[in-house]
Amino acid sequence: MAWSDSWRRAFRVELRAQAIGLAWRGWSVLPGTYPAGSHWAGRDDDEHTGPRPVHTDWQDRIGSAPEQVATWWTGHPYSLLLATGVQLDAIEVPGHLGRGAARVLRGIGLPVPIMATPDDRWTFLVNSGHELERPLAEHGDVVLHAAGSYVALPPTPVQHGVVHWRVRPEVCGWQMPESSTVQEALLDALAAESTHARSAGLVVTAD
């Protein structure tokens, strides 16, 4: 996705405002590389994949004060990253599984913060400190971002669009769910997919 200078300036202002606001809420935000043509800029050398933290000592910068965070976005449209494993973890899943879990959570009246990317990856933000249940850990397309990792937050620009909220934190009053709650919804969604696949197989066989 091509980004004009005016769009870059607009996104820098928005990203900086979001970073400061989240830092005041105690979120461990960091600046990340940003798309520049076919590369990711922001570090010493352009890179082919991203976003990644701009600072090599990013883990030492976790928990920086909002005033310090504000200085990081003064000159470049850096991506907005969340260092996981501090207050929050992130569970990243394929879109079809994310949509299924979101339906389960809506059904019990429990909205949770959910992000999505243009390539249909969904990410659930949860309180830190819980490993993935075995079926999810063995799934192969489910990723737990915990200590030592990070995820891109909206409105981070990526190659084909922007990271965006499917459910904003404001909807749940900035109360993050327990990881076990989201994992139970994901397991229910997996079970529903398996049941549907078996039913479809039976229909095909009967035909």
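1. The second largest pocket. In this predicted model, helix H3 (95–107) gives five residues to the lining of the second largest pocket, the largest share. Strand E12 (164–167) also supplies at least two residues of that lining, as does H3. The space in this pocket comes to about 160 Å³. Among the residues that line the pocket are Arg-99, Arg-103, Leu-110, Ile-114, Trp-122 and Arg-166. By class, eight of the lining residues are nonpolar and four are charged, while none is polar.

2. The largest pocket. The space in the largest pocket is about 450 Å³. Its lining is made of 20 residues, and those nearest the centre are Pro-51, Thr-117, Asp-119, Ala-152 and Val-158. Of the elements, E9 makes the largest contribution, with three residues. The lining holds 11 nonpolar, six polar and three charged residues.

3. The chain as a whole. Five helices and 12 strands make up the secondary structure of the protein chain. The chain has a radius of gyration of 18 Å, close to the 17 Å that the globule rule gives for 207 residues, so it is as compact as a globular protein of that length. Along the principal axes, the C-alpha atoms fill a box of roughly 65 × 35 × 25 Å. Of the 207 residues, 44% are buried. Among contacts with a separation of 6 or more, 77% are between residues 24 or more positions apart.

4. How many of the seven residues of E7 are buried? Six of them are, so the strand is largely enclosed by the rest of the structure. A residue counts as buried when its relative accessible area is under 20%. Strand E5 (residues 88–94) is joined to E7 by seven bridges, and the two strands run antiparallel. One of the paired positions is Pro-94, whose bridge partner in E7 is Arg-121. E6 also pairs with E7 in the antiparallel sense, here over three bridges. In that pairing, Ile-114 stands opposite Phe-124 of E7. The reader may recall that Ile-114 is also one of the residues lining the second largest pocket.

5. The turn between E6 and E7. E6 and E7 form a hairpin with four residues between the strands, and Asp-120 in this hairpin takes a positive phi near 65 degrees. Asp-120 lies in the loop between the two strands. The positive value is found here in a residue other than glycine. With a relative accessible area of 32%, Asp-120 is partly exposed.

6. Trp-174 is not a glycine, yet it has a positive phi of about 60 degrees. Where is Trp-174 placed? The residue is in the loop between E12 and helix H5 (179–206). Trp-174 is partly exposed, and its relative accessible area is 23%.

7. Cis peptide bonds. Gly-50 and Pro-51 are joined by a cis peptide bond with omega of about -5 degrees. Pro-51 is in the loop between strand E3 (39–41) and helix H2 (66–72), and it is also among the residues nearest the centre of the largest pocket. Another cis peptide bond runs from Pro-154 to Pro-155, with omega near 0 degrees. Pro-155 is placed in the loop between E9 and strand E10 (157–158).

8. Strands E1 and E4. The residues of strand E1 (residues 29–32) are all buried. Val-29 and Pro-31 point one way from this strand, whereas Leu-30 and Gly-32 point the other way. Four bridges join E1 to strand E4 (residues 79–83), and the pair runs antiparallel. Within E4, Leu-81 is the residue opposite Leu-30.

9. A glycine in helix H1. Gly-21 belongs to helix H1 (residues 5–24). Its relative accessible area is 34%, and Gly-21 is therefore partly exposed. The C-alpha atom of Gly-21 is separated by 15 Å from that of Thr-74, a residue 53 positions apart from it along the chain.

Notes: Residues are numbered from 1 along each chain as its sequence is written. This is a predicted model: local features need pLDDT of at least 70, side-chain atom pairs count only at pLDDT 80 or more; totals for chains, interfaces and linings use all residues. Side-chain values use heavy atoms; hydrogens and water are left out. Buried means under 20% relative accessible area, exposed over 50%, partly exposed in between (1.4 Å probe, protein chains only). Two strands pair if DSSP finds at least two bridges between them. On a 1 Å grid over the protein atoms alone, a cavity is a set of points where a 1.4 Å probe fits but cannot get out, and a pocket is an open set with protein on both sides within 12 Å along at least five of seven lines; lining residues have an atom within 4 Å of a point. Grid points are joined across faces, edges and corners, and a volume is the space filled by probe spheres set on the points. Ala, Val, Leu, Ile, Met, Phe, Trp, Tyr, Cys and Pro count as nonpolar, Asp, Glu, Lys and Arg as charged, and the others, Gly among them, as polar. The radius of gyration is taken over C-alpha atoms; the globule rule is 2.2 Å times the number of residues to the power 0.38. Contact means heavy atoms within 4.5 Å.
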